[in-house]
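Take a first look at the fold below. Keep the sequence at hand as you read.

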Amino acid sequence: MKKHKKDTRYLTSVALMAAVVILLANTPIGMIQLLIIKATTVHIPVILGAIILGPGAGAILGGVFGVCSLISNTMAPTLLSFAFSPFMSMTGLSGAVKALWISVGCRVMIGVAAGWLWILLKKWKVNSLIALPVTGFAGSMVNTVFVMGSIYLLLAREYAQARSVAVDAVWGLIMATVTGSGIPEAIAAAIMVAVIGKVLLQAVPYFAKSA
């Protein structure tokens, strides 16, 4: 009976966090439209969910984020939507599979990485005031590095075509995105995860016990 209550509470918590992810993904503050790509804050509840509920829940929430990204890039495409939506593929089935990995698979890795990093930091008895922002920063960078790295490794030619540049210029453009967008996103994530995570861990006894 006690296990059933815990399982029910866990599933309810995952569902609530997933609802937050979906809400953010469908509002301007969740996916901010830039010139050629969409900057995101949706990874923040994924990271928080991974911290509070574990890497398994983080993976589920990351998957929800990925599906939202796929839908967004299908319904409101940008120059790079071919990398995030299988329906916008420029290279048929192969490109569709690559887009699924970038839009969904890479986002699953946010929750997995953040969840296990949090477990590791707590095992090392790192104070939460340090562990929370470190996990937030790392989780956000996992998003950026996996997504942009996968675009470079899997879709460099298509990326160059979309940007109207030579293929050998793609690496520089990828790095410009990582430094110009990814690092500021990671800093923002570190701050928000530190503030919100501290409140959640202190205010919700169940979360605090499971952390």
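The paragraphs below go from the overall fold to single residues.

This is a predicted model, in which local features need pLDDT of at least 70, side-chain atom pairs count only at pLDDT 80 or more, and totals for chains, interfaces and linings use all residues. Residues are numbered from 1 along each chain as its sequence is written, and side-chain values use heavy atoms, with hydrogens and water left out.

Start with the whole chain. The protein chain has 7 helices and 2 strands. Helices (H or I, at least four residues) and strands (E, at least two) are DSSP runs, numbered from the N terminus. Read from the N terminus, the order is α-β-β-α-α-α-α-α-α. The protein chain has 211 residues, and 46% of them are buried.

Now find helix α2. How many of its 11 residues are buried? The count is 11 of the 11 in residues 43-53, so helix α2 is largely enclosed by the rest of the structure. The buried residues run through H43, I44, P45, V46, I47, L48, G49, A50, I51, I52 and L53. Just after α2 comes G54, with a positive phi of about 105°.

A25 belongs to helix α1, which covers residues 2-25. A25 has a relative accessible area of 10%, so this residue is buried. S69 sits in helix α3, residues 55-75. At a relative accessible area of 2%, S69 is buried too. Between A25 and S69 there are 44 residues of sequence separation, yet their C-alpha atoms are 7.4 Å apart.

S128 is part of helix α5. With 25% relative accessibility, S128 is partly exposed. S128 and G197 are 69 residues apart along the chain, and 9.0 Å separates their C-alpha atoms.

Turn to the loops. The loop between α4 (92-123) and α5 holds K125. K125 is not a glycine, but has a positive phi of about 60°. Its relative accessible area is 74%, so K125 is exposed. The loop between α5 and α6 holds S164. S164 is not a glycine either, and has a positive phi of about 60°. S164 is exposed, at a relative accessible area of 67%. D168 is also in the loop between α5 and α6. Is D168 buried or exposed? D168 is exposed, because its relative accessibility is 70%. From D168 to A156 is 12 residues in sequence and 8.9 Å in space, C-alpha to C-alpha.

Now for the surface. Which residues make the nonpolar patch of about 740 Å²? They are W101, V145, F146, Y152, L153, L154, W171 and M175. The elements giving two or more residues to this patch are α5 (128-163) and α6 (170-203). Helix α5 gives the most, with 5 residues. M175 is in helix α6. M175 has a relative accessible area of 32%, so this residue is partly exposed. Patches are made of residues with over 30% relative accessible area and no salt bridge; like charges are joined within 9 Å, and nonpolar side chains (Val, Leu, Ile, Met, Phe, Trp, Tyr) within 5 Å. A salt bridge is a side-chain nitrogen of Lys or Arg within 4 Å of a carboxyl oxygen of Asp or Glu. Accessible areas come from the Shrake-Rupley method with a 1.4 Å probe; for residues, only the protein chains shown count as cover.

Last come some side chains. R107 lies over the face of F65, 4.5 Å from the ring centre. A charge sits over a ring if NZ of Lys or CZ of Arg is within 6 Å of the ring centre and within 35 degrees of the ring normal. C68 is buried, at 12% relative accessibility. C106 is buried as well, with a relative accessible area of 0%.

Definitions and conventions: Buried means under 20% relative accessible area, exposed over 50%, partly exposed in between (1.4 Å probe, protein chains only).
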